[in-house]
Amino acid sequence: LSGSLMSLYSEGELGRVAVRGCVQFSLRYQAAEKELQVHVLRCRQLAEAKKQRSDPYIKTYLLPDKSNRSKRKTAVRKRSLDPVFNETLKYKLEKKDLQGRTLNLSVWHHDSLGRNLFLGEVEVALGTWDWANTRPEWFSLQPRVPIPSDGLASRGSLNLALKFIPAGSEGAGMPPTGELHIWVKDAQGLIPLQSGTVDAFVQCYVLPDDSKASRQKTRVVKRSLHPLFNHTMVYDGFQARDLAEACAEFTLWHHEAFSKRQLGGIRLSLGTGSSYGLPVAWMDSTAEEQGVWQQLLQQPGRWVEALLPLRT
């Protein structure tokens, strides 16, 4: 997805801090175990996520694989800008398979609500690494490097309808509060992440509420590139002026046995870049997405239909 969507989906990032500091780690390939070992020692002078503190942890991927199968994490070190980890993150693979792979090592501040902050990253091309060098080395943390995509702007489309019902508009004081009705109909022309089909489901939040109470999901439709969901969702407690500050975020996922992988998403909002006077990254709707949300606000009580491309 767009840069802001990518960060949201990858780690639930909210806000940004200026990247600074460095990380010390070593690389070793153990031929007997057919194992790459990333020994993470420590960081120095990390950025402050909040009030002179961060709760850092380290995450790695072997790019180009950015699925959960490729992800490794250290434990969180509380209240430290100079954390000591002394942990080894391991990958089982043949040495020849290191050609063309890049180690992406990133540092994050852990937030108890799951809105983690990016503190910097390092990338090492493993195909040119000197494997005789097993000494710990210091690397300066860098701002985010966008993960190379496969060049696809979209992996299909999402077909849905929305309706806003103002409080009391149906007579006898009903509904007691304004309601946002969402009808997720189907997805069309999905392009799978790998060969084959998709076990698809759609997840929705109405931001700025990103709590579990705001999250609603469809069922999983297995083995289809044109999954039919026919699922309705209702969010209540809204006034029209609230919707002007809100964003309905839909993401489409491929369901796996122990994980999920995101194919794309859409964000319906006025695209103002701010909510209740505060700048936010998720108010980044495209012109087409903004048009749907504007129709919703202008036509209370009527369904607004939309077939929108899933941004990657």
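Biologist: Which residue does Lys92 form a salt bridge with?
Modeller: Lys92 pairs with Glu35, and their closest N and O atoms are 3.5 Å apart. A salt bridge here is a side-chain nitrogen of Lys or Arg within 4 Å of a carboxyl oxygen of Asp or Glu.

Biologist: And where do Lys92 and Glu35 sit in the chain?
Modeller: Lys92 is in strand S5 (residues 84-92) and Glu35 is in strand S2 (residues 35-44), so the pair links distant parts of the chain, 57 residues apart. Helices (H or I, at least four residues) and strands (E, at least two) are DSSP runs, numbered from the N terminus.

Biologist: What should I know about the model itself?
Modeller: It is a predicted model, where local features need pLDDT of at least 70 and side-chain atom pairs count only at pLDDT 80 or more, while totals for chains, interfaces and linings use all residues. Residues are numbered from 1 along each chain as its sequence is written, and side-chain values use heavy atoms, with hydrogens and water left out.

Biologist: Back to that pair: is Lys92 buried or exposed?
Modeller: Lys92 is exposed, because its relative accessible area is 61%. Glu35 is buried, at 8%. Buried means under 20% relative accessible area, exposed means over 50%, and partly exposed is in between (1.4 Å probe, protein chains only).

Biologist: How many salt bridges does the structure hold?
Modeller: The structure holds 14 salt bridges. One of them joins Glu305 and Lys185, with the closest N and O atoms 2.3 Å apart. That pair also links distant parts of the chain, with Glu305 in strand S18 (residues 304-311) and Lys185 in strand S10 (residues 178-188), 120 residues apart.

Biologist: Is Lys185 buried or exposed?
Modeller: Lys185 counts as buried, because its relative accessibility is 15%. Glu305 is partly exposed, with 47%.

Biologist: Which residues are linked in a network of salt bridges?
Modeller: The network links Glu249, Arg267, Asp284, Glu289 and Arg311. Within it, the side chains of Glu289 and Arg311 meet in a salt bridge of 3.0 Å, N to O. Glu289 lies in helix H3 (residues 287-298) and Arg311 in strand S18, so this pair ties together parts that are 22 residues apart in sequence. Glu289 counts as buried at 2% relative accessibility, and Arg311 counts as buried at 13%.

Biologist: New topic: what does the side chain of Glu121 make a polar contact with?
Modeller: The side chain of Asn104, at 3.0 Å. A polar contact is a pair of N or O atoms within 3.5 Å; within protein, one must be able to donate a hydrogen and the other to accept it, and residues adjacent in sequence count only if both atoms are side-chain atoms. Glu121 is in strand S7 (residues 117-125) and is buried, with a relative accessible area of 4%.

Biologist: Zooming out, how many helices and strands are there?
Modeller: The protein has three helices and 18 strands. Its C-alpha trace spans about 75 × 50 × 30 Å along the principal axes, and buried residues make up 48% of the 312 residues.

Biologist: Last one: where is Ser259?
Modeller: Ser259 is in the loop between strand S14 (247-255) and S15. Ser259 counts as buried, at 17% relative accessibility. From C-alpha to C-alpha, Ser259 and Ala172 are 46 Å apart in space, and they are 87 residues apart in sequence.
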